[in-house]
Amino acid sequence: MPDRALLSVFTPSRTRPEDLEAILVQRQDLLDDAIERVRESATTDNKHHLLFVGARGTGKTHLVTLLVHRLGLVKELNKDLRIAWLNEDETSTTLLELLRRIYLALTKRYPEEYSEESLEPMFDLGQPEAEQWLSQLLLKSLQNHTLLVVVENLDALFQGLGKSGQQKLRAFIQENPVLSLVATAQRLVDDLTKRTSAFFGFFQTEQLKPLSVKQAAELIGKIATLNGQAEIATFLHSATGQSRVRALHHLSGGNHRIYIVLSQFITRESIDDLVVPFTKMVDEMTPYYQERIRWLPPQQRKIIEYLCAQERPTSVKEMARKLFAKHQSISSQLMDLREKGYVQSSPRGRESLYEIAEPLMRICIEIKENQTREPLRMLVDFLRVWYDGQELSTRLKKCTTESMARIYLTMAIERNIEQGNLRARLLVDGYCAELGQEQASQWNLRIEAYAKEAEELALACGEWAKEDSTQALAIIDEITANNSSKLPVVKSAAWLLASEIHHEEAHFEKSITSLSEIIVLNATPQHTIRALLRRAIIYREIDKPVRAIEDYSRVINLTDAPVEQIAQAYISRGTAYVGLNPISPNAIYDYSAVIDLTGVPVDLIEQGYCLRGLIYLEQNDLDKASNDFEDVLKVKENSAFVHEMAYFALAITSDINGDWESVINSVTCGLREGRKHSNPRPDFLESILGSLCGNMLSARVMKNRIKDLVQAHQENEEFSRLGESLIGNLSAIYRNDDMSSNSNGLEAWVIGWEEACKEIDQLRLPLRIFRTGIDFIKSGGEDRGILLDLNQEERKVLEQALGLEIAS
Amino acid sequence: MKANPGGQIDLKEVVGRDQIIEQIWDTLEQQSIRIVAERRIGKTTIIKKLAAEPRDGWMPIFQDLEKCHTAFEFAMSVYREVDEFLSIQQRSARKTKDFFKAIGGAEIAGIIKLPIFTGEAPWKEILLSAIHDLVHECETKSDRPVFLWDEVPFMLANINEREGETTSMEILDTLRGLRQTYGGDGLRMVITGSIGLHHVISTLKRQNYANSPVNDTLAIEVRPLDMASAQELAAKLIEGENIQTESLEEAANEVAQLSDCFPYYIHHIVKALKLSGLNGSRDTVEQVVLKQLLDSSDPWELNHYRERIPTYYGDSLELAVLEILDSIASRSKAMSLDELLAELKSTGKLDDREQLIDLLRLITQDHYLSRNTNGHYHFQFPLLQRWWKLARGL
């Protein structure tokens with residue numbers, strides 16, 4: 001294995017640039033863009049000034065180090081560009097000091113052109129004269145080169161220079177347009193943003209963003225590759241690898257620096273391999289955080305210390321109360337702390353809740369308070385994310401008594417019981433953040449449910465939600481692999497999910513294969529039944545009703561299947577029998593079986609009655625049909641949808657019996673029920689219209705019946721439905737030779753509707769389409785010119801209704 | 001050319017400023033000039049172009065004066081430029097050098113080192129003799145000197161802070177005196193700066209300064225680019241950034257429209273478009289602009305239009321100014337004086353017609369508002385109006 005690369009945590013400029021290049025993530029485009037702008041500054045009179053803003057540890061130095069490195073590699077730039085990369089730890093309080101630092105930086109990089117000795121005469125002058133002298137020396141020695149000054153911590157430099165120093169610097173740049181600045185800052189200070197400040201609007205500012213989980217995985221993967229650990233790069237793609245990245249993300253708050261520190265842990269399996277190095281790492285990091293906290297003004301420090309001790313995000317009101325401070329004062333300090341990257345806020349209702357942006361910072365305070373060598377809370381949380389619930393328990397069982405690992409594992413389990421599974425919560429939160437609000441609300445519950453069952457399932461579901469079905473299926477393959485140690489029930493759930501994904505992508509055979517795996521595995525009766533029912537549905541979709549019937553029969557014959565699912569299987573098998581040509585008499589047997597079963601939910605019984613009634617109706621057995629529909633209506637708790645269907649079916653039986661009054665009563669009741677649900681509307685009304693149109697009724701009777709129908713729809717404000725049925729009726733007429741050839745009858749039919757509906761605005765459009773459709777049919781159904789009475793959109797509706805080829 | 005918001009622009013690439021530059025040279029034939037405009041509209045670019053490409057017979061000297069914090073620094077800075085200029089012509093600032101010698105100054109490594117002054121430094125003498133030397137030497141060469149002074153109000157504010165208002169007043173009066181004395185010899189000044197000179201003079205007037213030190217100069221306002229130039233600039237930048245477009249003309253037109261033809265915003269929009277990785281189209285340009293306007297970090301620094309109100313108009317008038325701007329921003333039509341007065345009266349923010357007229361004059365001078373041909377008030381820049389509405393939740 002090659003030596004590990006030295007990745008300096010605090011001074012990336014000391015890391016080999018090639019290594020920094022190898023681990024660059026998220027900022028390739030930004031860096032390329034910066035290079036191009038510096039190149040333009042060097043080779044033209046356009047001078048760009050770039051500023052990268054980001055909190056500590058967000059990779060600013062990494063970025064400028066690479067910028068300087070890459071510029072150095074562009075040989076042809078050497079004739080146009082000189083780079084002065086200022087030491088970030090030095091400070092300047094005057095323009096003179098800054099110019100001197102610039103000059104000295106040039107002596108280091110270009111010793112043949114610049115020498116420290118040449119500064120000697122300057123020291124005999126007073127400050128203003130020295131400043132003038134050095135400006136001239138610098139400008140003269142640059143000759144025709146553009147000077148790129150790389151400044152880190154520009155905010156600190158400006159603070160040192162003060163207003164007059166900044167003004168002098170800006171005047172120097174304006175009067176001598178040979179200089180381009182590339183700077184970094186932790187925050188946008190007033191010296192940069194106030195319109196009265198000298199450098200207002202001067203820089204092209206880019207805010208550096210924290211890494212997302214995905215980018216973090218990329219970073220850790222690159223570090224592993226750099227260190228020759230190819231297996232880690234592969235591991236990161238696994239479900240466990242991704243969970244671990246999430247654990248690290250939780251601790252780091254998206255901070256580059258912390259990722260680099262934490263990347264060493266990614267493949268640690270045993271608790272001992274984690275606890276000891278983690279504690280050591282905490283020990284090493286503590287001075288860093290302590291220094292950061294110490295650097296703050298007293299009130300901000302108090303706020304940070306308070307927040308470090310909190311388990312959950314805290315409101316401003318609560319903080320003000322606990323710290324004996326004014327609400328407004330805490331609020332303004334928090335704004336400042338947020339800008340500095342110390343805290344982050346999330347809205348809840350009208351207030352904002354604040355928490356420490358980098359959870360690792362909490363350790364610092366904890367270490368200080370923790371003099372009794374109690375377990376580190378942070379490490380406990382880390383383990384809660386590192387291991388899933390099952391792993392925590394398994395590892396605890398293997399631990400010897402009184403070991404440190406045992407104490408940590410016990411605490412992790414206890415805290416999970418007390419506060420819920422942190423690992424699952426982070427996973428769900430992570431996906432919700434990636435999905436966006438609308439998508440998140442659609443998937444949230446499902447991912448959460450999977451997270452409780454098995455985390456990998458949640459991962460697969462999350463990837464599917466993100467529309468990355470390939471990744472989702474790859475995770476499922478990992479779960480279901482022969483050598484996978486996952487429990488059969490988890491494998492079975494994974495196959496169920498896979499079948500859904502395949503089904504959505506219309507890969508029916510693959511979906512069937514996944515479901516068949518579940519049936520063979522038979523991990524739980526519940527999964528087996530679900531798989532059989534789903535497989536049957538797919539068989540029906542791909543027109544294999546006999547196979548579907550076999551699957552339904554298997555469910556029906558399972559002795560331990562719940563009655564509800566048996567009933568569902570009966571209903572579905574009956575419907576599959578109906579789909580056979582000719583209709584199998586077994587359908588009536590199946591629907592009757594549902595009606596006769598005990599303990600079946602009411603809605604399934606209703607479906608049984610309704611579906612059986614429809615078969616009787618089809619067989620012209622009107623008495624039995626009416627009995628079944630009336631039985632449906634006797635059930636009080638049944639659904640509006642079933643009621644509606646029963647009423648319309650009764651209307652049809654009444655129509656066949658010639659009882660128009662009952663037809664209208666049933667239609668009115670059916671429409672009323674229809675308004676109570678949002679399911680698709682049954683198309684029984686079209687049958688009634690078809691029968692009315694086809695009967696040789698007198699013009700007067702027909703008009704009266706049309707009026708009755710219009711009134712029934714008017715009472716229920718269902719004109720749009722009537723409009724759809726009228727257009728549907730055109731199709732029935734067009735397909736029926738007897739009706740379509742009866743020109744006079746058709747004219748009377750359409751006039752009847754036109755008269756009955758002339759005052760009804762909502763029906764104007766459907767009637768116009770209806771009229772044109774009838775005219776077209778009367779003309780023999782050939783003359784497409786008739787359709788031109790309608791506009792393009794209306795024509796399309798009619799063409800679709802008649803099944804005509806849509807004219808281009 | 002790449003988008004370069006805030007940076008220095010190659011003067012050969014400057015677009016759409018030929019006309020104002022011609023106007024400035026024409027005016028300079030007669031008198032000195034003060035350039036007024038909003039910050040970041042491109043004043044410095046214009047005066048640098050004047051310096052780099054002078055009209056025949058002119059000898060420009062460009063200085064960024066924000067570096068000066070005392071009258072002495074100012075005088076020495078002017079002297080140094082004069083001296084450098086004359087030495088290139090193989091002439092010398094003789095009178096000034098004699099003066100330095102007389103007060104005990106010495107030249108070390110080409111730099112004048114003066115003794116430490118116990119009382120007030122003789123800035124006025126140095127300034128007067130340096131200008132005298134310049135005019136005298138130029139007379140013999142028939143080139144006319146023109147000082148291009150940037151950030152003059154910053155310098156005056158610095159001197160106010162360090163040495164008091166009296167010195168600032170003296171500087172303004174001395175400069176006016178120099179223009180009168182040497183105007184006939186061709187001396188001209190172009191004075192400009194980021195903060196309105198009228199605010200500095202108003203501050204001085206509150207200290208009983210009664211003169212009108214710049215009313216001998218002609219105020220020339222730098223406006224945003226005309227539409228054709230704005231489109232040209234946008235197209236140039238889109239090409240320079242290699243942004244893909246289906247129609248360069250359409251994308252450039254959208255950038256020009258949405259930026260109100262401000263070159264600074266044109267640069268910003270194109271840069272943001274580049275970094276977004278999007279192609280250039282009407283939709284993507286609109287998307288980028290809206291993102292910038294809603295960005296809480298205020299990348300275009302528009303919030304200063306809100307923040308400076310108490311500073312510019314005083315705390316007592318802050319609410320009245322906000323009410324005026326809110327009222328106008330939320331309407332699609334311009335508002336008359338009477339409509340504004342009625343609105344302010346109904347909200348109890350202001351009820352004095354004369355005070356409102358004064359206030360509107362100042363708000364207009366500060367580029368918030370303009371007046372149409374009916375004298376009605378509307379936002380000068382639609383972009384600002386759009387931001388104001390978004391930022392103020394109107």
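Are A:Phe158 and A:Phe199 buried or exposed? In this predicted model, A:Phe158 is buried, and A:Phe199 is buried too.

Aromatic contacts are considered next. Over all chains, the structure holds 23 aromatic pairs. In one of them, A:Phe158 and A:Phe199 place their ring centres 4.8 Å apart. Their planes meet at 35°, so this pair is tilted. The two residues come from distant parts of the chain, 41 residues apart. A:Phe158 belongs to helix H6 (residues 154–175) of chain A. A:Phe199 lies in the loop between helix H7 (190–193) and strand E5 (204–207) of chain A. B:Phe147 and B:Trp149 are both buried. Chain B also holds an aromatic cluster, in which ring pairs link B:Phe262, B:Tyr264, B:Tyr265, B:Trp300 and B:Phe381.

Two arginines of chain A sit over tyrosine rings. A:Arg82 lies over the face of A:Tyr110, 4.7 Å from the ring centre. The charged end of A:Arg292 is placed over the ring of A:Tyr342, at 4.6 Å from its centre.

In chain B, five strands form an open sheet with parallel pairing. The strand order is E2-E5-E6-E1-E7. Strands E2 (58–64) and E7 (218–221) of chain B are the edges, each pairing on one side only. Neighbouring strands are turned by 20° against each other on average, direction ignored. Within the sheet, strand E5 (residues 144–150) of chain B pairs with strand E6 (residues 188–191) of chain B over four bridges, in the parallel sense. Here B:Leu148 stands opposite B:Val190 of E6(B). Helix H2 (residues 43–52) of chain B packs on this sheet. Helix H2 touches strands E1 (33–36), E2, E5 and E6 of chain B. The direction of H2 makes about 160° with that of E5(B).

Charged pairs come last. Side chains of opposite charge can pair when their charged atoms come close. The structure holds 71 salt bridges over all chains. One of them joins A:Glu500 to A:Arg534, with the closest N and O atoms 3.9 Å apart. This pair links helix H24 (residues 488–504) of chain A, which holds A:Glu500, to helix H26 (residues 525–541) of chain A, which holds A:Arg534. The two residues are 34 residues apart. A:Glu500 has 22% relative accessibility and so counts as partly exposed. A:Arg534, at 23%, also counts as partly exposed.

A second bridge in chain A connects A:Glu509 and A:Lys544, at 4.0 Å between the closest N and O atoms. A:Glu509 lies in helix H25 (residues 508–521) of chain A, and A:Lys544 in the loop between H26 and helix H27 (545–557) of chain A, so the pair ties together parts 35 residues apart in sequence. A:Lys544 is partly exposed, with a relative accessible area of 35%.

In chain B, the side chains of B:Lys236 and B:Glu13 meet in a salt bridge of 3.3 Å, N to O. The pair spans 223 residues. B:Lys236 sits in helix H9 (residues 227–240) of chain B, whereas B:Glu13 lies in the segment before helix H1 (18–28) of chain B. B:Lys236 is partly exposed, at 25% relative accessible area. B:Glu13 counts as partly exposed at 21%. A network of salt bridges links A:Asp33, A:Arg37, B:Lys2, B:Glu241 and B:Lys274.

Conventions:
Residues numbered from 1 in each chain as written. Chains lettered and ligands numbered in written order. Predicted model: local features only at pLDDT ≥ 70, side-chain atom pairs only at ≥ 80, totals over all residues. Heavy atoms only, no water. Pairing = 2+ DSSP bridges. Axes fitted to C-alpha atoms, helices over the stretch in contact; angles between N-to-C directions. Contact = heavy atoms within 4.5 Å. Phe/Tyr/Trp six-rings, centres within 6.5 Å; stacked < 30°, edge-to-face > 60°. Buried < 20%, exposed > 50% of the residue type's maximum accessible area, 1.4 Å probe, protein only. Lys NZ or Arg CZ within 6 Å of the ring centre and 35° of its normal.
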